[in-house]
Amino acid sequence: MARLVMKFGGTSVATVERIKNAARHVKREVEAGNEVAVVVSAMSGKTNELVAWCKEAAPLYDQAEYDTVVASGEQVTSGLMAIVLREMGIPARSWQGWQIPIYGSDAHGSARIVDVDGAGIIAGFDRNREVAVCSGFQGVHAESRRIVTLGRGGSDTSAVALAAGLKADRCDIYTDVDGVYTTDPRIVPKARRMNKVSFEEMLEMASLGSKVLQVRSVEIAMTQRVPTYVRSSFDDPENPNPGTLICDEDDIVEQQIVTGIAFSRDEAQITLRRVADKPGVAAAIFGPLADANINVDMIIQVVSDDQATTDITFTVPTADYERARTLLESKHDTISYQEIQGATDVVKISAIGVGMRSHAGVAARAFRALAEKGINIRAITTSEIKFSVLIDAAYTELAVRTLHSLYGLDAG
């Protein structure tokens, strides 16, 4: 007997019929003798509808009341799932985040999980192997007793945190794909599903553009050592595919140098020309951006021949581009730059793999291959297990396919 957490995303519970299909996956695990807690998202499209209602009610709505509204989507799904399971003859009850409880910070709309108390759910397991159907994406702030939500993709985070709190043997994330692929199959038809991927690699993939899992859910899985599967809810419940296991690096016998290629179109480039090269100039640029909660990624500094000025290039999320540019223009006299330039038609391509730790020249091969395809690199960043390049968006598919083939990731 094992203790499992099974999470079903919005597309997996988009209709009552799909909820019934997801319930058949739960039934399979219950009949195998496992203790099961289920975490559900809102039905596909419902959260967007609820958010739109908040904006229609008031452009500057209260964030705490916003959480009250948008958390209701998951409440509907958890109740429907419990009803379906009971109809199948399986003991089940719904749990809202505040009932478990999942404690969160008071940052409404983007709360972080502080603690999970799974005693009530475990008591249900012990009493009559009752399936706990939990509303994802939500929790409660201990002091105010107000509902808080965890931000988009928060149901993944709820599921992994609940698995850690229940000391579950594993967490199964059911979605509309059958696992984690070496890159987006829509870009590279030869992309293949991986049987296993390490926590560190998955964390990099999630943060660099892969949409399979939410970043914070991977962080929790890694720190709490929760084995996590990505599986498809659209598989035959009686004969499902194994999916992809996200686990410790030590659990992977054969490790490739590069595991996957990720890309992000959510990038904008800003360049400050002929900035005075003096102590404190970097702080004058990046300090105000940090204060404005604008995340800066790639940074390149090139000192001019006269040693008196420098060019500084960096990237920000596309949504923050205009705000960042306006802020820097307002700081012109403090920073003392000659010109500001920008571009939004760029994309970040990243190669990830723990094998890079022990192999030299991995990035150099990519630079050479991209050059042979006529692709110019605007910026480069590296870390222990990944490197990223910023290129013109028009070359996205060509670059991804080139690197995918270069590192032997093509199927067949």
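Me: At 30% relative accessibility, is E249 buried, partly exposed or exposed?
Reply: The model is predicted, and its accessibility values are computed from it. Buried means under 20% relative accessible area and exposed means over 50%. The value for E249 is 30%, so this residue counts as partly exposed.

Me: Which residue forms a salt bridge with E249?
Reply: Side chains of opposite charge can pair when their charged atoms come close. In the bridge of E249, the closest N and O atoms are 2.8 Å apart.

Me: How many residues apart are R357 and E249?
Reply: R357 sits in the loop between strand 18 (346-352) and helix 12 (362-372). E249 sits in the loop between strand 12 (244-247) and strand 13 (260-264). The pair links distant parts of the chain, with a separation in residues of 108.

Me: Where in the structure does the salt bridge partner of R170 lie?
Reply: R170 forms a salt bridge with E29, and the closest N and O atoms are 3.4 Å apart. R170 belongs to strand 9 (residues 170-175), so the pair ties together parts that are 141 residues apart in sequence. Both R170 and E29 are buried. The element that holds E29 is helix 1.

Me: About how many helical turns separate E329 and R325?
Reply: E329 forms a salt bridge with R325, the closest N and O atoms being 3.5 Å apart. The two residues are 4 residues apart in helix 10 (residues 321-330). Because of that spacing, the number of helical turns between E329 and R325 is about one.

Me: Are helix 1 and helix 4 roughly parallel, roughly perpendicular or oblique to each other?
Reply: Two packed helices are described by the angle between their axes and the distance between the axes. The axes of helix 1 (residues 16-31) and helix 4 (residues 72-87) come within 9 Å and cross at roughly 60°. Angles under 35 degrees count as roughly parallel, and those from 65 to 115 as roughly perpendicular. Helix 1 and helix 4 are therefore oblique.

Me: How many residues of the contact of helix 1 with helix 4 are nonpolar?
Reply: On the helix 1 side, the contact is made by I19, K20, A22, A23 and V26. On the helix 4 side, they meet T77, L80, M81, V84 and L85. There is 1 polar and 1 charged residue in this contact, and the nonpolar residues number 8.

Me: Is K167 buried, partly exposed or exposed?
Reply: K167 is found in the loop between helix 6 (154-165) and strand 9. Phi of K167 is near 55°, a positive value in a residue other than glycine. Exposed means over 50%. At 69% relative accessibility, K167 counts as exposed.

Me: Is the peptide bond from I100 to P101 cis or trans?
Reply: Most peptide bonds are trans. P101 lies in the loop between strand 3 (92-95) and strand 4 (102-104). The bond from I100 to P101 has omega near -10°, and its form is cis.

Methods: Residues numbered from 1 in each chain as written. Predicted model: local features only at pLDDT ≥ 70, side-chain atom pairs only at ≥ 80, totals over all residues. Heavy atoms only, no water. Axes fitted to C-alpha atoms, helices over the stretch in contact; angles between N-to-C directions. Parallel < 35°, antiparallel > 145°, perpendicular 65-115°, else oblique. Contact = heavy atoms within 4.5 Å. Nonpolar A, V, L, I, M, F, W, Y, C, P; charged D, E, K, R; others polar. Salt bridge = Lys/Arg side-chain N within 4 Å of Asp/Glu carboxyl O. Buried < 20%, exposed > 50% of the residue type's maximum accessible area, 1.4 Å probe, protein only.
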